[in-house]
Amino acid sequence: MTDQADQVNQVDRMDQADRTDAAAPADRAELRIAPVAGEAMTEQWRHVHNVVVPPAAMSPAEALERVGRYRLANAYLGDTLVGCSTVRPPEGADAVATVIARVLPGFRRRGFGTALYEHGLAHARTLGARTVEAVVLAANEDGVRFAEARGFVEVERYVLDGESDLWLTLRRESCAG
C-alpha cells in the first residue's frame, strides 16, 4: 500500500472515531498549513473536499484544474491530514474573494477550521480582496454555523442545474480579521 493510501485510510478511520468537541489549543499550535503542490497533495485536497461536500465530488482531473485557478492548501496535524482550503481570487468592482475552509468531521471543533479560514483570508487580502464570500452546502450545518459565527450572512440560495442539493453563498462585507 502506498503512503498516500495509508494516509487516506488513516483519515477514514479517524473520521469514524468518536472524538471530543473540546478545543485543544496544543493541537492548533501544531497545525501545519501548506499550499497544494504535486499530485499527492492534490489527491489529499480532493479527498477532504469529497468527504465534506460529497454532492460536488471531484475527479482527479477536476482537482488538478483547480490547482491552476485557485490557491489550494492542506492542513496537517503532524503527518495527519485534517482539512483543506480554497481561495478564489477577488473579482468584480467589490473585489470579492471566496474563502472556503473544510475540516474532516473527526477533527472539527478544535480550531482547525478557524486556522484554515484565517490563513485563507490573509491570502485573499494580499490579492486585494475587500469582501469575502463562502460557499457552503446547506446540509453542512457545521459549515453554516462556522460561517455565521464569523459574521457571514446568506446572500444567495441555489441548486445547480440537474441537481437537488441546496447551496448557500454567504458574504462578509469586510475582509478584516
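Predicted model: local features only at pLDDT ≥ 70, side-chain atom pairs only at ≥ 80, totals over all residues.
Residues are numbered from 1 along each chain as its sequence is written. Local features need pLDDT of at least 70 and side-chain atom pairs count only at pLDDT 80 or more, while totals for chains, interfaces and linings use all residues, and side-chain values use heavy atoms, with hydrogens and water left out.

Helices (H or I, at least four residues) and strands (E, at least two) are DSSP runs, numbered from the N terminus. The axes of helix α3 (residues 38-52) and helix α4 (residues 60-69) come within 9 Å and cross at roughly 110 degrees; axes are lines fitted to C-alpha atoms, for helices over the stretch in contact, and angles run from 0 to 180 degrees between N-to-C directions. Helix α3 is therefore roughly perpendicular to α4 (65 to 115 degrees). In this contact (heavy atoms within 4.5 Å), T42, E43, W45 and R46 of α3 meet P60, A63, L64, R66 and V67 of α4.

Strands pair if DSSP finds at least two bridges between them.

| Strands | Pairing | Residues between the strands | Positive phi |
|---|---|---|---|
| β2 and β3 | antiparallel, 7 bridges | 2 residues | G78, near 65 degrees |
| β3 and β4 | antiparallel, 7 bridges | 4 residues | G92, near 75 degrees |

Within these pairings, Y76 has L81 in β3 as its bridge partner, and G83 stands opposite V103 in β4.

Strand β4 (residues 96-103) also gives the most to the lining of the largest pocket, with 6 residues.

Methods
Parallel < 35°, antiparallel > 145°, perpendicular 65-115°, else oblique.
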